[in-house]
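Visitor: Could you take me through one part of this model in close-up? I'd like the cut-offs along the way.

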Amino acid sequence: GCGTTSENRGGGTQQQGAPANCKGPAGKYVIGMSQANVAEPYRQRMDDDIRAAARGVPQFEVRFADAQQDNARQVSDVDNFMTQQIDLLIISPNEAKPLTAVVKKAYDKAIPVLVLDRKVEGDAYTGWIGADNVEIGRQAGKYVAEQLLPNGGKIAEIRGLAGSTPAKERGDGFRESIRGRNIEIVVSQDGDWLREKGQEKADAILKSNPDISVIYAHNDPMAEGAYLAARAAGKQDTLKFIGIDGLPIPSGGLKAVEAGRLSATLIYPTAGREAVESAKKILVDCQQIPKTQTLQTQLITKANATEVYARANGG
Amino acid sequence: MTKQMQETTDFVAVRRPSVLSMVFQFQSLFGLVAVFVAAIVFSPSRNGDLVFLSSGNLFNVVRAVSEIGIIAVGMTFVILIGGIDLSVGALLGLAAVGSAVLLVENDFGLVPAVSIVLLVGLVFGLLQGVASAVFKIQAFIVTLAGLQIARGLARIWSGGQGVAIAYGDGPGEAPMTFSLLGERTFNGLVPIPALIFIVIAVAAILFLRGTAFSRHVYAIGGNEKAARLSGVPVTRVKIIVFGICGLLTALAGIIHAGQLNQGSPNDGIGYELDAIAAVVIGGTSLAGGRGSVLGTVAGALLLGVLNNILSLNGVNNDIQLLIKGFVIVVVAGLQQLRPAA
Amino acid sequence: MTKQMQETTDFVAVRRPSVLSMVFQFQSLFGLVAVFVAAIVFSPSRNGDLVFLSSGNLFNVVRAVSEIGIIAVGMTFVILIGGIDLSVGALLGLAAVGSAVLLVENDFGLVPAVSIVLLVGLVFGLLQGVASAVFKIQAFIVTLAGLQIARGLARIWSGGQGVAIAYGDGPGEAPMTFSLLGERTFNGLVPIPALIFIVIAVAAILFLRGTAFSRHVYAIGGNEKAARLSGVPVTRVKIIVFGICGLLTALAGIIHAGQLNQGSPNDGIGYELDAIAAVVIGGTSLAGGRGSVLGTVAGALLLGVLNNILSLNGVNNDIQLLIKGFVIVVVAGLQQLRPAA
Amino acid sequence: MPLVELVRIGKSYGGVRACHDVDFTVHSGEVHALLGENGAGKSTLMRVLCGDVTDHSGEITVAGHAVRFHSPADAQKAGIAMIHQELDLVPGLSVAENIFLGREPRTRLRTLDRRAMTRETRDLLRRTGIDLDPRRMVGELRTGEQQLVSIAKALSLDAKVLIMDEPTSALSSAEVDRMFTAIAELRRGGTAIVYISHRMDEIGRIADRATVLRNGSVVAQFDARDMTADQAAEAMIGRPVRTMFTAHHTDEAGEKLLEVNDLVVPRSRPGRRDPAGISLTVRRGEIVGLAGLLGSGRTELLETLFGAGRRWTGQMFVNGRPVRPRNPRHAIRLGLVYVPEDRRISGLCLDHSVLANTVLSIVDRIARLGVVPRRSEVGQTRKIVRELGVKLATVYSAVATLSGGNQQKVVFGRMLLTEPDLLLLDEPTRGVDVGAKAEIYQLLGKAAQRGIGVLLASSELAELVGVCDRVIVLRGGRTVAELTTAHAGEADLLAASMGEVVPL
Ligand SMILES: Nc1ncnc2c1ncn2[C@@H]1O[C@H](COP(=O)(O)OP(=O)(O)OP(=O)(O)O)[C@@H](O)[C@H]1O
Ligand SMILES: Nc1ncnc2c1ncn2[C@@H]1O[C@H](COP(=O)(O)OP(=O)(O)OP(=O)(O)O)[C@@H](O)[C@H]1O
Ligand SMILES: O[C@@H]1[C@@H](O)[C@H](O)OC[C@H]1O
Ligand SMILES: [Mg+2]
Ligand SMILES: [Mg+2]
């Protein structure tokens with residue numbers, strides 16, 4: 001992640017588990033990281049960020065579980081972590097409600113819990129770190145309205161997996177900020193977060209709606225897929241593409257913006273590094289952490305893509 | 001997948017059920033035992049106790065496989081008649097969504113809501129049975145279509161988003177009883193879904209041994225024409241079998257909703273392969289006519305134990321995939337080691 | 001999956017002469033024609049032209065189905081011998097990753113990289129063939145394990161993230177020729193993957209009609225024991241068939257990487273069901289011994305046209321699922337309307 | 001009044017008229033033989049009567065009442081049961097379960113009454129003199145044993161009309177005798193029996209009346225007791241038949257084609273009687289028979305020689321060279337071919353065309369650059385089909401649509417196309433009509449004259465005596481006698497098979 005952190009210190013920060021678990025710098029700690037679905041590049045990067053950051057904390061050993069996009073499996077993963085008596089749980093939940101109970105169970109066993117990206121309900125966790133998808137959607141809409149289509153126009157939307165919260169929030173935020181701007185979403189199709197689905201949907205969209213001028217995709221892989229479809233139709237230069245994630249990896253959105261395939265992307269910070277920092281505070285430094293850490297997004301255009309990429313990779 | 005007929009003609013030639021044949025009849029349990037033993041050997045230990053063998057952990061395993069297990073029981077019937085049901089994952093999603101919507105949004109009582117959902121599953125299964133048995137469309141296609149239809153219905157019924165279940169007596173709240181599905185009994189030890197799974201499995205094992213209907217199921221899978229010529233009501237039995245699978249899947253969907261306190265249209269994606277895998281690893285032939293629910297239960301538990309021990313050891317996810325693949329082949333290969341044909 | 005022992009007249013491993021039977025031999029094309037006609041009827045039009053029928057759009061359809069189509073051709077062979085291959089999606093991912101890593105990270109030339117990847121696919125398929133034919137483990141289990149192993153290998157090989165492919169002559173860049181896979185030829189009209197698909201399909205159709213090997217394939221699916229007693233080298237043919245499927249899947253994986261300019265370990269998730277669906281909708285029996293590549297091609301195109309026309313009309317995604325489900329059942333049902341035996 | 005009356009029954013398959021305006025009656029307590037060459041329509045007519053074929057024309061009356069059956073279950077309710085020509089048993093169920101399939105006894109709790117099922121089956125088997133464990137899986141049984149199960153099942157149905165479609169085609173004379181005793185008993189109890197068989201000697205022994213079908217129509221009716229085999233054969237075929245057995249006897253024995261010494265298939269499964277210490281020779285131009293009772297090891301021996309059996313010890317020479325067929329393909333390359341005893345399970349791809357089935361063994365031989373030349377495969381198929389007189393619509397018809405006997409000829413034709421040195425035949429004329437049998441015997445004779453050797457396992461003693469030069473008798477997997485047909489007859493073979501000491 002590379003966003004600036006706005007720490008919301010107002011939240012309830014009473015962490016009953018912290019003192020019990022904190023054995024200071026002399027301790028050894030096993031951290032369980034329950035990932036919703038590493039098949040998504042964004043989440044793989046989250047794991048990688050955690051792995052990289054944890055390498056800097058010699059006291060930490062991190063174990064990773066992958067729920068493969070299945071709530072029930074993720075519940076089992078957390079159960080198994082509890083059986084292993086981990087010292088701290090990091091979880092990026094597949095969905096909020098179904099994971100709430102098991103997260104609470106861990107929390108009630110005095111295991112500190114850091115929730116990343118998507119939330120769980122209630123406040124039975126130690127801290128949440130993530131970004132605001134509605135806000136990201138809003139910024140994407142603002143960029144389209146102000147930069148790409150100041151005079152209005154028609155656009156297409158390629159959405160994330162139906163039923164997932166980011167898909168809904170990125171759609172809602174976007175609509176919010178283009179309201180009254182004479183911009184019309186003429187077609188909206190599900191791309192399930194996948195590059196090839198983005199390509200396939202865009203193929204048809206370009207045929208049925210040749211008058212659109214922007215494709216807004218809920219993540220970068222789908223935006224890249226749409227770009228490929230447009231290129232095949234010879235329309236790559238007349239159309240503009242925008243995505244979300246901005247992963248600082250070779251196949252990620254930063255590179256795509258740098259190469260000019262996408263006009264813009266919005267950073268969706270993984271919170272991996274921040275999670276390890278928080279874990280260190282709790283376990284090694286015996287400090288408290290804020291209940292909520294909202295990571296800021298950042299608009300990436302050709303102007304800043306190269307620099308952000310370099311910075312994210314320690315350049 | 002060779003044809004049934006050929007396979008069985010060079011089958012074990014035993015005059016009467018000898019001890020050896022008894023052992024091999026339950027060969028599907030071999031794999032489970034082997035994996036179980038391996039799990040004990042590789043179990044991390046704490047304070048001298050094996051973590052894997054702690055009762056809490058074992059019940060976790062059973063709980064984790066209970067939904068797939070219940071579906072796999074229904075799938076066993078379908079596969080025994082030589083069919084297959086790809087719709088179960090989506091139907092589970094539909095049932096989970098249905099439970100949540102009926103309980104929370106429509107404020108139905110527990111019994112009406114559960115009954116309606118079970119009925120939906122039953123009818124869905126029966127309809128697939130009709131398409132396959134009466135219109136003679138390959139079960140694979142029928143249920144592939146069923147998968148899409150069930151998923152579409154689940155999306156529409158839920159409005160596309162997961163429907164959260166809150167408990168209480170007020171409007172928009174589900175009765176507390178429903179939350180039991182996520183609970184454990186006997187001193188917080190035994191998860192209710194595990195109990196339900198065990199009950200269903202035992203009932204199905206008895207049913208498949210002791211009823212005339214079960215002979216008809218095996219006969220249809222073994223030689224459909226012979227079954228028909230013997231007066232077995234082939235069409236009816238097939239339809240009922242798909243109905244049973246739909247019904248059990250709906251039950252699993254209800255449990256899913258209860259365990260996760262939500263019904264989401266994306267629930268159950270990919271469960272069909274897991275359920276079929278449990279059945280097939282349990283020794284049931286995809287060609288129909290041979291297999292058992294006991295095997296299926298063993299298959300489901302085997303997969304559960306495997307997942308569990310790999311997690312307990314914190315094995316890297318990528319390596320886990322490799323290990324699982326190899327173990328599955330080896331276990332299946334061991335099952336072939338029956339007295340040579 | 002009914003056993004059509006007595007009454008089957010529709011399939012013969014060789015052409016049949018009468019006009020009526022010709023029509024019905026190609027019945028799998030019926031569904032395609034029906035869906036095609038429906039697509040024309042429901043096509044949105046622009047400037048008086050039907051969008052669906054514009055050559056650009058039609059080629060889009062072929063391009064979109066080309067990967068699944070190529071895999072489905074290989075899958076047809078496997079299903080004809082009564083097997084199944086669940087590993088194809090994962091193997092496609094492995095091949096895509098392999099292409100990207102070899103070209104970009106290891107700076108291999110085009111020919112070595114492509115050859116190695118094809119070899120990997122071939123060997124992977126052959127090994128699965130050995131497990132299934134020599135060790136007599138059900139193909140379903142073998143390839144389910146293969147799925148996990150291939151996915152695990154792909155994750156390890158790629159380091160878990162998609163490997164981006166940049167083109168150029170410098171180090172870390174893939175040769176420009178490889179980018180052709182994402183291009184179109186003949187005035188930017190015909191996508192290269194579509195061309196490859198058509199070539200593979202035609203070759204396979206000819207191959208499956210005229211060769212001794214194909215007779216062996218059909219015979220094994222029709223009655224493995226009879227085939228063996230007739231001198232068919234059953235084990236060898238089975239192994240080769242799995243090898244062919246692996247090889248074609250690797251080819252599809254290379255195309256995938258070329259089209260998407262990246263190889264990701266998650267590529268191809270769920271493709272196995274799509275490929276099997278194309279085969280089965282194309283009229284090939286999962287029991288083996290009956291079917292054709294022509295049917296498979298029709299099946300793949302049918303699914304592609306269906307997806308395309310629904311997207312062209314911007315049909316709501318949930319409703320799309322329902323429509324797809326119904327169309328698939330109806331098409332399959334129509335195929336049953338053959339002259340009574 | 002006849003018990004059953006079929007009036008103007010018609011049934012066509014596509015262009016093929018299987019039955020055409022057939023009138024047929026059955027009276028209580030009679031055994032009515034139904035005769036006709038392969039494909040004459042016998043099975044089809046009876047499948048109409050037992051409710052299996054429902055889209056037929058014409059009327060059926062049972063005890064004076066017009067009926068219309070929609071399923072086999074309907075017909076069974078009306079007291080009509082049938083043993084089908086192609087054994088229709090479920091391999092994965094036990095003997096008892098098969099016998100009671102569709103009418104399982106239940107306990108008071110409506111559960112399956114296994115105990116009653118096993119007990120009643122054991123009774124039934126004892127009464128019919130069949131030595132089988134009711135709990136054995138039917139899939140483990142050999143063809144003959146399965147046939148016995150089918151018969152027992154039919155006998156247990158308490159039918160008023162029992163149709164038996166070639167019930168004894170895989171049985172040897174000892175078992176046939178026992179079946180006939182059971183049939184006689186049924187007849188005394190008033191059961192009507194329709195009996196279909198191509199074994200003419202059986203007809204004379206048990207039938208009261210005989211009806212002959214040709215091309216789907218009735219062509220003759222006889223009082224079976226004073227009908228001669230020649231009369232019947234002539235009615236079936238429409239012209240006089242030449243003597244069945246072209247008494248072929250080689251005097252000067254050719255060089256040794258096959259020599260087997262001390263062949264032992266080690267016993268590795270309980271309940272098996274495997275070949276043990278078998279030695280035999282087949283010379284060029286010789287037809288050697290294998291006789292034995294059900295389960296004497298004939299099939300196992302042939303399979304072993306063909307490389308399709310299990311591991312064995314001993315020596316085997318083909319053309320003087322020591323060989324050890326690894327698998328059927330290898331055996332075929334050595335010049336051996338094998339016609340298996342159960343064509344449906346081991347012989348044919350039923351869904352596939354006659355063409356595809358016939359050329360299966362030679363496709364890779366006639367292929368050029370892997371491609372099978374159409375002209376040559378169609379030509380070869382047409383030639384052999386004509387030679388064997390296979391009755392079919394076209395060579396593109398699915399084998400499943402052929403009558404049983406014609407299916408057998410297709411398997412036979414496939415093997416002949418490989419131009420073998422040695423034919424291993426397991427009941428090659430099972431279900432083949434008299435005319436075709438004569439043709440097959442002639443073919444064997446001609447083959448032998450060309451220097452081909454034949455090893456022929458058969459349960460029909462007349463066939464063995466009529467066709468073979470020598471007959472080797474197996475019992476319990478061992479050679480118990482070797483008889484020269486010039487000096488020994490059916491009675492000697494039977495005696496040897498039953499274990500009576502006959503000088504070798
Ligand atoms: N299912 C079928 N489809 C097409 N044709 C069939 C079918 N069944 C039988 N026939 C044809 O009907 C005719 C009569 O067949 P049937 O089986 O009644 O003869 P059969 O007298 O019993 O002969 P066999 O003595 O060889 O058993 C044959 O020409 C056969 O090819
Ligand atoms: N594959 C097998 N499975 C079970 N039993 C077998 C098998 N093969 C042979 N047997 C048993 O071994 C004995 C010899 O059988 P085999 O078939 O070789 O004898 P056969 O003389 O050819 O008998 P048949 O007349 O039944 O063909 C029989 O008791 C039979 O039940
Ligand atoms: O691409 C990301 C997707 O994979 C995840 O599930 O949600 C956030 C997205 O940005
Ligand atoms: Mg017949
Ligand atoms: Mg035999």
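Visitor: Which residue of chain B forms a salt bridge with C:Asp318, and how far apart are the closest N and O atoms?

Guide: That partner is B:Arg155, and the closest N and O atoms of the pair are 3.8 Å apart. A salt bridge here is a side-chain nitrogen of Lys or Arg within 4 Å of a carboxyl oxygen of Asp or Glu. By that rule, two salt bridges turn up across the interface of chain C and chain B. Keep in mind that this is a predicted model, where local features need pLDDT of at least 70 and side-chain atom pairs count only at pLDDT 80 or more, while totals for chains, interfaces and linings use all residues. Residues are numbered from 1 along each chain as its sequence is written, chains are lettered from A and ligands numbered from 1 in the order written, and side-chain values use heavy atoms, leaving out hydrogens and water.

Now for the wider setting. Helices (DSSP runs of H or I, at least four residues, numbered from the N terminus) that each supply at least two residues to chain C's side include H6 (139-158) and H14 (317-336). H6(C) gives the most, with 13 residues. That side divides into 28 nonpolar, 16 polar and nine charged residues, where nonpolar covers Ala, Val, Leu, Ile, Met, Phe, Trp, Tyr, Cys and Pro, charged covers Asp, Glu, Lys and Arg, and polar takes the others, Gly among them. In total, 53 residues of chain C are in contact (heavy atoms within 4.5 Å) with 53 residues of chain B. The two chains bury about 4600 Å² between them, 71% of it on carbon and sulfur atoms; buried area is the accessible area (1.4 Å probe) that two parts lose on being put together, summed over both.
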